[in-house]
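Please examine the sequence and the fold shown below before reading on. The paragraphs that follow may be read alongside the display.

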Amino acid sequence: MKIVVIGGFGVGKTTFVRSVSEIRPLDTEATMTAQGKAVDDLTGVTGKTTTTVAFDFGRITIDTQHVLYLFGAPGQERFWFLWDRLFTGAIGAIVLVDQRRIADSWYAIDRLEHQGVPFVVASNNFGGSHHHPDKIRDALDLDPHIALIDCDARSRESCKGVLITLVEHLVNLAAAADGRHRMLSTPEGAL
């Protein structure tokens, strides 16, 4: 089962995949060059020295029949063309948000909604000031049914909690769809 971790530049996607993967993750981190620094907006991430240039890949085995494949998408605008390809076959996604740069997450949410990929939003805690979840929800214009949770991408337990929230969201969506399907297929007189 494929899950995509997506969000703006420097929000912690690579760290998230590294923290929770049971294998040594494949990553495409490259040293940021002077040319890249001139193209990418480093606001809020001035200490960043590497960046993802394709995607990150990790794995979590649930049991002998179920494996989660995690794909961390690059966050820079110049790599956004890869996103729709990464969404192909995904059962869901995690939008990682940096509270200091909430607007950087709008495009990720827009693309997921456009592609019809179910998602949850995880606000990565960088140890700075915290905004109330309602303010984050309003700033992102999230529908009430979209889960918004706090996380620390450096913590395996925190990342597992985000993945569990996503799986619960997917189960709830499937149950709701099944209920609608049953309602539509029930003969009128049977109720």
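The model is predicted: local features require pLDDT of at least 70, side-chain atom pairs count only at pLDDT 80 or more, and totals for chains, interfaces and linings use all residues. Residues are numbered from 1 along each chain as its sequence is written, and side-chain values use heavy atoms, with hydrogens and water left out.

The protein contains six helices and eight strands; these are DSSP runs numbered from the N terminus, helices being H or I with at least four residues and strands being E with at least two. In sequence order the pattern is β-α-β-α-β-β-β-α-β-α-β-α-β-α. Of the 191 residues, 42% are buried, where buried means under 20% relative accessible area, exposed over 50%, and partly exposed in between (1.4 Å probe, protein chains only). The protein exposes about 10,400 Å², of which carbon and sulfur atoms supply 55%; accessible areas come from the Shrake-Rupley method with a 1.4 Å probe, and for residues only the protein chains shown count as cover. Contact denotes heavy atoms within 4.5 Å. Among contacts between residues at least 6 apart in sequence, 71% join residues at least 24 apart.

An open sheet of six strands is arranged in the order E4-E5-E1-E6-E7-E8, with mixed pairing; two strands pair if DSSP finds at least two bridges between them. Strand E4 (56-61) and strand E8 (148-151) are the edges, each pairing on one side only. From one strand to the next, the twist averages 25 degrees. E7 and E8 run parallel and are joined by four bridges; Ala122 has Ile149 in E8 as its bridge partner.

Helices lie across this sheet. H5 lies across E6, E7 and E8, running at about 120 degrees to E8. For these angles, axes are lines fitted to C-alpha atoms, for helices over the stretch in contact, and angles run from 0 to 180 degrees between N-to-C directions.

In soluble globular proteins, nonpolar side chains tend to be buried together. A nonpolar core is here a set of buried Ala, Val, Leu, Ile, Met, Phe, Trp, Tyr and Cys residues joined through side-chain atoms within 4.5 Å. The largest such core has 23 residues, and those with the most contacts inside it are Val4, Ile6, Val95, Phe119 and Val121. At least two residues each come from strand E1 (2-7), helix H3 (83-87), strand E6 (90-98), helix H4 (106-115), strand E7 (119-124) and helix H5 (133-140). E6 gives the largest share, four residues. Apart from this core lies another, of 20 residues, including Val17, Leu68, Cys151 and Cys159. Leaving aside neighbours within four places in sequence, Ile6 is in contact with several residues, among them Trp83, Phe87, Val95 and Leu112.

Two residues complete the picture. Ser123 lies in strand E7 and counts as buried because its relative accessibility is 3%. Beyond neighbours within four places in sequence, Ser123 is in contact with Val97, Gln99, Ile136, Ile149, Asp150 and Cys151. Tyr107, in helix H4, has a relative accessible area of 30% and is therefore partly exposed. With neighbours within four places in sequence left aside, Tyr107 is in contact with Trp80 and Trp83. Tyr107 and Gly7 are 100 residues apart in sequence, yet their C-alpha atoms are 8.3 Å apart in space.
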